[in-house]
Amino acid sequence: MGSRVHTIVIGAGFSGLKAAMDLAQAGKSVLVLEARDRVGGRVEPGELCGRVIDHGGQWVGPKHTRLLDLARRFQRETYLQYAEGRTILSLDGKRSEFKGETPKMPVLALVELAMLQSRWAKEMKTLPKGAPWTAKNAKEWDSQTLATWIKKNLSTKASRAFAGLVPKGAYAANPMEVSYLWMLEMLRSSEGLDHLMAVKGGVTDSKFKGGMHQITRLMGDALGDRITLSAPVREVMQDGDGVRVTTDKGVFEADHVIIAVPPSLCDGIHFAGGLPAGRSALQQRQPHGGMIKIHVAYKEPFWRHNGYSGQIASNDLPLGIVMDDVQDVGPPMLIGFVEGRQALELSALGDNERRARIMDCMADLFGPEANDAIGYAEKDWLADEWARGYVGAMGPGVLTTYGEALRAPVGRIHWASTETAEHWTGHIEGAILAGERAAAEVLSRG
């Protein structure tokens, strides 16, 4: 058994690392326990054709101030996401191309989408920060899926398909899986549809030179031997004297514990004495959206030469999103995301068949030059034991029934992870904010 510390933090992603840094800065002894053999959580480094890549989260928006503050602290620079040229949109088998931010769609569909954006902006503002389940219309909105709401409130086929792209593109969740209230809360926490979907000025505005993962690595370096890797937590027991955490690397004791892993993964930890019924039920009802992230390397950025931005958005193809990823070092690449239902289907395939389908899709989108790849890499987050998908989502009835348990401490146990954030939920910025909140809760207790 190791020496007792003030706080044990479970999970070395952005949320857990930031909580630990805040506690250490406040002069508290802290120990971070991480199941993986690395820090970063859902931010993970990789390598392709001699270039470092991000298998996980990698974008930063201008309003992600906490993340940008960390980058400045560690002297990491950003560069803008390339967005010039034509974007490809594929909805229900119909392909179109457009420049700028307005998709090429029938006039009636565009009018309906403009009205939709205005309505969502008004409705999301009625949600109290941190307590959307208390909104006047919360029960009504939480009683239906986003898909049901779209069918009732949008009349054109194109606008329905485009609206359904929002949860899929942002959170890898299909519209029939999430409640309308949860979707409004995601819009509120992300400061509206403009920020959520736009590149310039939005959540995919920029990337970090050298990759996002280097920031968590530097955070880990700053914490030093306060981190223990390859230490999956099996049990948490608390009493009036403190907390006892059992791991594959031994038993550790503390005054408090911050669990900085997603709610759905908390269900894999045995809590001696049990958890409140609401908290236990919540952990079983926030599954992660399916996500497979793809990198394809080329000798030249042929899509740019052909007038394309490299961006595609689709509700019917294996690749739901594709983005340009050209840096000043290493070969140019395209990044692709297989999301939701398509991710479940492709995850079940063998590696060769999955790659063949992805490359066929690239060729269909960008032409035969897409077949001339010099490298390919993928990360199936559904197959990751310590992730089981990417971001937690909520179906009908979950927020209004169990929402109060999302952040509420249970004795000496506090909760972090981006799913618990009040602002920028589901984003790295939200993970950082959640870690700061959890640390502040612990510090307030002495």
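Buried means under 20% relative accessible area, exposed means over 50%, and partly exposed lies in between, with a 1.4 Å probe and protein chains only. Keep those cut-offs at hand for the tour.

The model is predicted: local features need pLDDT of at least 70, side-chain atom pairs count only at pLDDT 80 or more, and totals for chains, interfaces and linings use all residues. Residues are numbered from 1 along each chain as its sequence is written, and side-chain values use heavy atoms, leaving out hydrogens and water.

**Stop 1**

Strands and helices here are DSSP runs numbered from the N terminus: E of at least two residues for strands, H or I of at least four for helices. Two strands count as paired if DSSP finds at least two bridges between them.

Zoom in on strand 5 and strand 9 (residues 206-208). They pair in the antiparallel sense over two bridges. Which residue of strand 9 does Trp59 stand opposite? Trp59 faces Lys207.

**Stop 2: a link across the sequence**

Now turn to salt bridges, defined as a side-chain nitrogen of Lys or Arg within 4 Å of a carboxyl oxygen of Asp or Glu. The structure holds 31 of them.

Select Lys209 and Glu77. Their side chains meet in a salt bridge, 3.2 Å from N to O. Lys209 sits in the loop between strand 9 and helix 9 (213-223), and Glu77 in the loop between helix 2 (65-73) and strand 6, so the pair ties together parts 132 residues apart in sequence. Lys209 is partly exposed, at 38% relative accessible area.

**Stop 3**

Move to helix 14 (residues 351-366). Arg357 and Glu353 both lie in this helix, four residues apart, about one turn. They form a salt bridge, with the closest N and O atoms 3.2 Å apart. Buried or partly exposed? Arg357 is partly exposed, with a relative accessible area of 39%. Glu353 is also partly exposed, at 39%.

Next, select Glu34, Arg36, Arg38, Glu44, Lys379 and Asp384. Salt bridges that share partners join these residues into one network.

**Stop 4: inside the network**

Select Glu44 and Arg38. Their salt bridge has its closest N and O atoms 3.1 Å apart. Glu44 is buried, with a relative accessible area of 14%. Arg38 is buried as well, at 17%.
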